[in-house]
Amino acid sequence: MRLSIRKGDLVEVISGDDKGRQGKVIEVDARKGRVKIEGINMVKRHERASGARKPGGIIDKPAFMDRSNVMLVCPRCSKPSRVHLERRGDRRVRVCKSCGGEVGS
Ligand SMILES: [Zn+2]
């Protein structure tokens, strides 16, 4: 499964508790079509202490969410947009459907 969202992209959440919030994609699970976004969909994890450098306790971590719950924020027109993959010469680029601009490969 090829996703139109990449690590490092800015996305906006379009459904659920975090609707309307934006964040940076920190992990993509292309196989399952899920993404992890900085500061969004936080869950509490109980971590066991493992040595002095990693104290245990409860910490907040972003959890994976379905790719369909987020939309890429176009760096050109700053709108949450649909993108489609397009072949231009021997390159494959992502094109914003709102402004028609390239949003990176
Ligand atoms: Zn755009």
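This is a predicted model: local features need pLDDT of at least 70, side-chain atom pairs count only at pLDDT 80 or more; totals for chains, interfaces and linings use all residues.
In general, side chains of opposite charge can pair when their charged atoms come close. Are Glu-86 and Arg-88 buried or exposed, or something in between? Glu-86 is partly exposed, with a relative accessible area of 26%, and Arg-88 is also partly exposed, at 33%.

Let me place these residues in the fold. Strand 9, which covers residues 83-88, runs antiparallel to strand 10, residues 91-96, and six bridges join the two. Across this pairing, Glu-86 stands opposite Val-93 in strand 10. The two strands form a hairpin with two residues between them, and in that turn Gly-89 has a positive phi of about 65°.

Lys-36 pairs with Glu-27, their closest N and O atoms being 3.4 Å apart; here Lys-36 is buried, at 18% relative accessible area, whereas Glu-27 is partly exposed, at 36%. Asp-29 forms a salt bridge with Arg-34 at 3.3 Å, and in this case Asp-29 is buried, at 16%, while Arg-34 is partly exposed, at 27%.

Now to the zinc ion. Which residues hold its protein donors? They are Cys-74, Cys-77, Cys-96 and Cys-99, each through its SG atom, lying 2.3 Å from the ion. The angles among the four donor atoms run from 103 to 114°, and the site is tetrahedral. Along the chain, the donors follow the spacing C-x2-C-x18-C-x2-C. Cys-74, in the loop between strand 7 and strand 8, and Cys-99, in the segment after strand 10, are 25 residues apart, and this pair links distant parts of the chain. Cys-74 counts as buried, at 2% relative accessibility, whereas Cys-99 is partly exposed, at 40%.

Finally, I would like to turn to Ser-81, which belongs to strand 8. Ser-81 counts as buried because its relative accessible area is 4%, and the cut-off for buried is under 20%. Its contacts include two of the zinc donor residues, Cys-74 and Cys-96. The side chain of Ser-81 also makes a polar contact of 3.3 Å with the side chain of Ser-98, and a polar atom of the Ser-81 side chain lies 2.7 Å from the backbone oxygen of Lys-79.

Terms used: Residues are numbered from 1 along each chain as its sequence is written. Side-chain values use heavy atoms; hydrogens and water are left out. Two strands pair if DSSP finds at least two bridges between them. Helices (H or I, at least four residues) and strands (E, at least two) are DSSP runs, numbered from the N terminus. Buried means under 20% relative accessible area, exposed over 50%, partly exposed in between (1.4 Å probe, protein chains only). A polar contact is a pair of N or O atoms within 3.5 Å; within protein, one must be able to donate a hydrogen and the other to accept it, and residues adjacent in sequence count only if both atoms are side-chain atoms. Contact means heavy atoms within 4.5 Å. Donors are N, O and S atoms within 2.8 Å of the metal (3.2 Å for Na, K and Ca); water is not among the atoms, so sites may look incomplete. Four donors count as tetrahedral if all angles lie between 85 and 135 degrees; four count as square planar and six as octahedral if opposite donors are over 155 degrees apart and all others between 65 and 115; anything else is irregular. A salt bridge is a side-chain nitrogen of Lys or Arg within 4 Å of a carboxyl oxygen of Asp or Glu. Lists of a residue's contacts leave out its neighbours within four places in sequence.
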